[in-house]
Amino acid sequence: MNVLADKILKITIEYIGPAAERFLERQAERHLNGLKFSDIERKDLPELAKWVKISAGLLVDNSRASELAEKILKA
Amino acid sequence: MKKIIYSLQTKLIASFILLIVVIAGGTFFYTFNETKKALKETMRDELKTVASAVATQINGDSLSILKMGDESKNSFRIIRDQLLTIRSSNPDIKFVYTMRNENGKVSFIVDADFGNKDDAAKPGDPYEKTNPRLLEGFYKSSADDDFTIDQWGSVLSGYAPIKDIRGNNVALVGIDMESSRVIEKQNFIGNTIYLIIGISILIAAAIIGIFSLTIIRDIKKLNQNATEISKGNTNVTVEVNRKDEIGELAESFSRMVASLKFMMMDQDKI
């Protein structure tokens, strides 16, 4: 896992808990053209943040989902 | 009913009320007792001062020779009228009288009420209910330690020795102050303290009730979320936003719920 991926994972754990890694892997695989999350790059962040906001909104309340997306974007 | 008894809110409120009652009750009893003592001491000091002042005005030589049957004598009337004037000058004074001590037997000489009240003491009437403070009054100014209840009522008494021209102690003057005023003051203070404690308990209970309500409300929300998820309903959101320990608990809970929801959700949905 690269440094950026590790940073994003730590941020996401604070919101999603232990399932954060699996969650991020699925977002990257499904919405970033099969990209492996561990290989994520800074150019991928806007798209990742968008899908995290949508998907996380099904797990936590919308304000927290938006907050998580903001933090990922600024990672 | 059982739920109310065992609820956290009930326990919190009951605990704090108990604590306030214990602290306030202790403070009340100490303060009330000390105030009672202080009031009584003030009254004792006042009585000693008044008795001493009165004693200096009475002719000890004339008084010392009065005996049973001397009620019609001029010297008796003069002293009686003096005592009556003193008694009338202060509405708090109930009785003024003089006594002698002959070989340990205490008897009245002149009572201010003689001739005006049927139950007034006559010269030579024995006084049976002596106490150390009264006996002390034949030598120095003193006052009873506590209220005296006898056939003449409930009073606090002060005494001072009456001297003859040679400076010998020949009798004492006794001043009895009506006790109801002192008791009234004590009761007033006691009732005021009760009132303050009562109001304090109500205010404290209200504050604690409101405070605990906010805590219990959020704990109930978390409890409800946990109950729903435990029954398989993952469609829950944790809506507790606080900055204290309960807020931290809510955040941890939110993370667990999110992970659980993710695991349980249809793979195609997310």
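The model is predicted, so local features need pLDDT of at least 70 and side-chain atom pairs count only at pLDDT 80 or more, while totals for chains, interfaces and linings use all residues. Residues are numbered from 1 along each chain as its sequence is written, chains are lettered from A and ligands numbered from 1 in the order in which they are written, and side-chain values use heavy atoms, with hydrogens and water left out.

**Chain B overall**

- Chain B has 7 helices and 6 strands; helices (H or I, at least four residues) and strands (E, at least two) are DSSP runs, numbered from the N terminus.
- Along the sequence, the pattern of chain B is α-α-α-α-β-β-α-β-β-β-β-α-α.
- Of the 270 residues in chain B, 40% are buried. Buried means under 20% relative accessible area, exposed means over 50%, and partly exposed lies in between (1.4 Å probe, protein chains only).

**Helix packing**

- In chain B, helix α2 (residues 8-57) packs against helix α6 (residues 179-230) at an angle of about 165°, with the axes 9 Å apart. Axes are lines fitted to C-alpha atoms, for helices over the stretch in contact, and angles run from 0 to 180 degrees between N-to-C directions.
- That angle makes α2(B) roughly antiparallel to α6(B). Angles under 35 degrees count as roughly parallel, over 145 as roughly antiparallel, 65 to 115 as roughly perpendicular and the rest as oblique.
- The residues of the contact between α2(B) and α6(B) are 24 nonpolar, 7 polar and 2 charged. Here Ala, Val, Leu, Ile, Met, Phe, Trp, Tyr, Cys and Pro count as nonpolar, Asp, Glu, Lys and Arg as charged, and the others, Gly among them, as polar.
- In chain A, the axes of α2(A) and helix α3 (residues 45-56) come within 10 Å and cross at roughly 120°. This makes α2(A) oblique to α3(A).

**Aromatic contacts**

- The whole structure holds 7 aromatic pairs over all chains. Rings of Phe, Tyr and Trp (its six-membered ring) pair if their centres lie within 6.5 Å; planes under 30 degrees apart count as stacked, over 60 as edge-to-face and the rest as tilted.
- A:F23 and B:F262 form an edge-to-face pair, 5.7 Å centre to centre with 80° between the planes. The pair crosses between chains, from helix α2 (residues 20-31) of chain A to helix α7 (residues 245-264) of chain B.
- A:F23 is buried at a relative accessible area of 0%, and B:F262 is buried at 1%.
- B:Y97 and B:F108 have ring centres 5.7 Å apart and planes at 70°, so this pair is edge-to-face. B:Y97 lies in strand β1 (residues 93-102) and B:F108 in strand β2 (residues 105-111) of chain B, so the pair ties together parts that are 11 residues apart in sequence.
- Both B:Y97 and B:F108 are buried.
- B:F28, B:F29, B:F32 and B:Y194 are linked by ring pairs into a cluster.

**Loop residues with positive phi**

- A:N33 is not a glycine, yet its phi is positive, near 55°. A:N33 lies in the loop between α2 and α3 of chain A and is exposed, with a relative accessible area of 79%.
- B:N103 is also not a glycine and has a positive phi of about 55°. B:N103 lies in the loop between β1 and β2 of chain B and is exposed at 81% relative accessibility.
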